[in-house]
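Look at the structure below and read the sections alongside it. Each one takes up a part of the fold.

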Amino acid sequence: MKIVTYNINGLRPRISQHGSLLKLLNSLQADIICFQETKLSREEFTADLVMAEGYESFFSCTSTTGIGRTGYSGVATFCRVNSAFSSKEVALPVAAEEGFTGLLEQSRKRLSAIKKNLPLEVPAELECLEGISKDELLEVDSEGRCVITDHGHFVLFNIYGPRADHGDKERTQFKLTFYNILQKRWEALLSQGKRVIIVGDLNIAPSAIDRCDADPKFEENQFRKWLRSLLVANGGPFYDVFRSKHPDRTEAYTCWSTQTGAEQFNYGSRIDHILIAGSCLHQDEKMEGHNIIYCHVTECDIMTQFKRWKPENASSHRWKGGRNIKLEGSDHAPVYVSFGELPDLPEHNTPSLAARYVPRIRGFQQTIVTLLSKRQVAAEIKNHGVSQLSYDDVNLKSCGNNSKRSLDDCSVSGSTSIRNLPSSNQKCDDFTPSISKHIGGTSVEAEEETVTGGAWTKLNPLPPNKMKTSKKARGGDSSQRTLSSYFIKKPNLSVVVDHAKSDVLPGQENAAVGQNGSYLLSDEVNSPNGTFVDNEENKSFPNSQLDLTPSISDADACSSSQKEKSDVALSEWQRIQQLMDKHKQVPLCKGHKEPCVPRVVKKPGPNLGRKFYVCCRAEGPSSNPETNCGYFEWAASKSRKK
């Protein structure tokens, strides 16, 4: 059996990177795959995101509404199985739980039973936690940071540990509470004789060897002390499996900063862990020399092939202050552990927490009202001959679960609404779509042609009593054109009106045709003696020549005005360019004599919003001259915080 833990930094981008969820899972070649930081909410669940053939999945999503926490964190455990029911496979869990306080499951059952007055009971193993209320326990579990699956031989914790920046007291306290509760849960399971496996991004590098830039006080951090206290070497119950197999390996990192390009020089930290505690599976009376690590764990390592930065990228994709080509993949690397053959389990089925049971995935149970509503819509479509819509195109939105919902609340795919379908006592003509023919601002329902089955079919015209009047078309280029406008060509700059050569089209008895064949509206030729009258100015011109060319003086004035505007605009752009060039002047770093990159202080304090310059090279060990030289310089002025 092989277990993989992987902080994927968003499930959607990783699926997009590999082409599908199934390809992503298969690329890891594992029996149990634990993802952290899925960044999915339960409302976003779709089959292509949470279900893959041959895998059962278990999710925990954030439900908090805090600032910046929506769609944040989230974990998922995928188990590769041959059968989801009556299975003996160890990979298929016999039980599963979201969260680790036990209150989420109680809350879910209480709400489903609509028994809001029932109190939540704190699990016995957590009652010893003093000073922590039930609300705080629920808050710890509300960020979607844990899924527990019981695989018979062991209980697997998929953990995404919270991050707490230095100086952030609120998140530091949250992180302390988080791990205190987890430790109590682990201790309770171990006291029952269970084997516990903890995998995930704990956001803690335990020792100096696990961090690229560890200072002398690095190991004095309270969370590092806590994690080391859990290990067998310090009297705890857990083995750090990677360090047990590779005790002296250096530069074995699983996470790299994206803000400094540190992955280019493998300048990171090891914060993704696999911890194991419990007895050996062997049923031997003499347990001396038996150890779960040495008896059952065959291998544990970092899957460096999933790193974004590869040696062949060194020349073409060098990081330049964030202006590099974006590397594909997560900022973490997966870690795996392989076990020897494990005995089969008794027959069991997929636990109820599995994604296959989520209503958004399996669908809601249909009611009689749903079936009747669908039949009614299908009958409406069939009886009125709407051949463009098929029954499969009808998308009923939540009709079936509410007997009081009407068809007005449903919709047909596309822009057609079911409320627009004809009722049983409405004539088919009322439902027939039409094209409006505009004459003088009046819309007349005319004959319409529609495509049916690839052929043009003419529909019957509406009777006179069905004619409707529409609003006047608005002026401007974007307004709807009238039917008569298609028969009128715009005159040239010089148009000769020749009545002798003009022909009158049917329906255009009041329109004259110019010498060049262009049609003129009836109100443009309203003089009996052939004089053209401008309706706006009421001026007349001889019928022999209509000169619409602007005068020379007008043209010169227009040209002069345009040139003046262009000169002003050009001058303004040149002034802006000079200001930009002035501000673009950045210092050169002393180590490489290369232009620095600007940065802005975002940490609260006296320098918040202040601009500074740093070396553009990627961060790395100081012994390498190709890495960041550490140059720093404040900008001349302090940028304003908007």
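## Nonpolar cores

In this predicted model, the largest nonpolar core has 30 residues. The residues with the most contacts inside this core are Ile3, Phe154, Ile197, Val241, Ile274, Ile276 and Val337. At least two core residues come from each of E2, strand E8 (196–201), helix H8 (241–245), strand E12 (272–277), helix H9 (292–296), E13 and E14.

Ile197 shows what such a position looks like in detail. Leaving aside residues up to four places away in sequence, Ile197 touches Ile3, Phe154, Val155, Leu156, Phe157, Ile274, Leu275, Ile276 and Phe339. Another core, of 28 residues, lies apart from the largest one, and Ile159, Leu189, Leu227 and Leu275 are among its members.

## The open sheet

An open sheet is formed by 6 strands, in the order E3-E4-E2-E1-E14-E13, with mixed pairing. Strand E3 (55–60) and strand E13 (297–302) are at the edges; each has a single partner strand, so one side of each is left without a neighbour in the sheet. On average, neighbouring strands of this sheet are turned by 10° against each other, direction ignored.

In E14, Ser338 is the bridge partner of Glu299.

Helix H2 (residues 21–28) lies across strand E1 (2–7), strand E2 (32–36), E3 and strand E4 (75–80). The helix runs at about 115° to E2.

Two packed helices are described by the angle between their axes and the distance between the axes. For helix H1 (residues 11–18) and H2, the angle is about 85° and the axes are 7 Å apart. This angle makes H1 roughly perpendicular to H2. Leu11, Arg14, Ile15 and His18 in H1 meet Leu21, Lys23, Leu24 and Ser27 in H2. By class, this contact has 4 nonpolar, 2 polar and 2 charged residues.

Is Tyr267 buried or exposed? Tyr267 has a relative accessible area of 15%. Buried means under 20%, so Tyr267 is buried.

Tyr267 belongs to the loop between strand E10 (255–256) and strand E11 (268–269). Not counting residues up to four places away in sequence, Tyr267 touches Cys212, Asp213, Trp256, Ala262, Glu619, Gly620 and Pro621. Arg211 is 56 residues from Tyr267 along the chain, and their C-alpha atoms are separated by 8.3 Å.

How values were computed. Residues are numbered from 1 along each chain as its sequence is written. This is a predicted model: local features need pLDDT of at least 70, side-chain atom pairs count only at pLDDT 80 or more; totals for chains, interfaces and linings use all residues. Side-chain values use heavy atoms; hydrogens and water are left out. Two strands pair if DSSP finds at least two bridges between them. Helices (H or I, at least four residues) and strands (E, at least two) are DSSP runs, numbered from the N terminus. Axes are lines fitted to C-alpha atoms, for helices over the stretch in contact, and angles run from 0 to 180 degrees between N-to-C directions. Contact means heavy atoms within 4.5 Å. A nonpolar core is a set of buried Ala, Val, Leu, Ile, Met, Phe, Trp, Tyr and Cys residues joined through side-chain atoms within 4.5 Å. Buried means under 20% relative accessible area, exposed over 50%, partly exposed in between (1.4 Å probe, protein chains only). Angles under 35 degrees count as roughly parallel, over 145 as roughly antiparallel, 65 to 115 as roughly perpendicular and the rest as oblique. Ala, Val, Leu, Ile, Met, Phe, Trp, Tyr, Cys and Pro count as nonpolar, Asp, Glu, Lys and Arg as charged, and the others, Gly among them, as polar.
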